Amino acid sequence: MMRKTDAYGTEKKKGAADMTKETKAEGTADMAEEAKAAETVSMAKEATAEGAADMAKEAKTEAANAACEAKAGKLVNEMRLCFLSRGENESLARIAVAGFIACLDPTLDVLDDIRTAVSEAVTNAIIHGYQGKPDGMVYLSAFLYEKGEHGCLLRVDVEDTGIGIENIDKAMEPLYSTSPDGERAGMGFTFMKAFTDHLEVESKPRLGTCVSMWKEVAVPEAFHEEE
């Protein structure tokens, strides 16, 4: 027969064990809640940072548009496109910009110049900005501004959020290349500059690069008559 003291001891041990289990369960729940709260805070910070970056990008675009309108004329059309940093998307970018200016009926020489410049800018973003990694995002924007009575100013921006450029002046020198495979000629910026009327490059290490290219395009009278 179990004595009362033995029974009491057993119950006491059982109660202590139950309390330990409850404490552990509560502790685990608290840790889970803290982890969830920390994750929520982290996501909120990331969202805030992304929102700030988007706002900065929009402000930059608006400032560039205002500058172009002051120099050329009013903005009459624009296009925005984003795609993964995959090699096959380089041709997509060329086709998109060519289609965007098709209404201007540009000469073949002008069209070839623009497609070449866009191709080089996108290739630079893929090869150098993202070092060939296919999961980066390339942002392509094109804008048309009135320029004079029978002309338009085309601006094309190609932007990435890759590794950025340490020394822009050095990077723009002919034959200079940071290609990981060492097989690039280092003529990307040289071609962009040669095939456009004006080229600007903005970059920050680890934040990305934005290439802006301008090209004047003579257009038929009918284009302005339709406006």
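Trainee: How many cavities of 30 Å³ or more does a search of the whole structure find?

Mentor: Rolling a probe the size of a water molecule over the atoms shows where empty space is left. Here the search finds one cavity of 30 Å³ or more. A cavity is a set of points, on a 1 Å grid over the protein atoms alone, where a 1.4 Å probe fits but cannot get out. This is a predicted model, in which local features need pLDDT of at least 70 and side-chain atom pairs count only at pLDDT 80 or more, while totals for chains, interfaces and linings use all residues. Residues are numbered from 1 along each chain as its sequence is written, and side-chain values use heavy atoms, with hydrogens and water left out.

Trainee: What volume does the largest cavity have, and which residues line it?

Mentor: Its volume is about 50 Å³, taken as the space filled by probe spheres set on the grid points, which are joined across faces, edges and corners. The lining consists of I114, A117, V118, L154, V156, T196, M213, W214 and K215; a lining residue has an atom within 4 Å of a point. Two or more lining residues come from each of α3 (108–129), β3 (151–160) and β5 (208–218). Helices (H or I, at least four residues) and strands (E, at least two) are DSSP runs, numbered from the N terminus.

Trainee: Which residues have the most contacts inside the largest nonpolar core?

Mentor: In soluble globular proteins, nonpolar side chains tend to be buried together. In this model the largest nonpolar core has 38 residues, and L154, V156 and M213 have the most contacts inside it. Such a core is a set of buried Ala, Val, Leu, Ile, Met, Phe, Trp, Tyr and Cys residues joined through side-chain atoms within 4.5 Å. The element giving the most to this core is α3, with ten residues. Apart from it lies another core, of five residues, including W214.

Trainee: What does V156 touch?

Mentor: Beyond its neighbours within four places in sequence, V156 is in contact (heavy atoms within 4.5 Å) with V97, V118, L140, S141, A142, V211, S212 and M213.

Trainee: Why does A121 count as buried?

Mentor: A121 counts as buried because its relative accessibility is 2%, and buried means under 20% relative accessible area with a 1.4 Å probe, protein chains only. A121 sits in helix α3 and touches V158, M192, V211 and M213, leaving out residues up to four places away in sequence. A121 and M213 are 92 residues apart in sequence, with 9.2 Å between their C-alpha atoms.

Definitions and conventions:
1 Å grid on protein atoms, 1.4 Å probe; cavity = no way out; pocket = protein on both sides within 12 Å on 5 of 7 lines; lining within 4 Å. Buried < 20%, exposed > 50% of the residue type's maximum accessible area, 1.4 Å probe, protein only.
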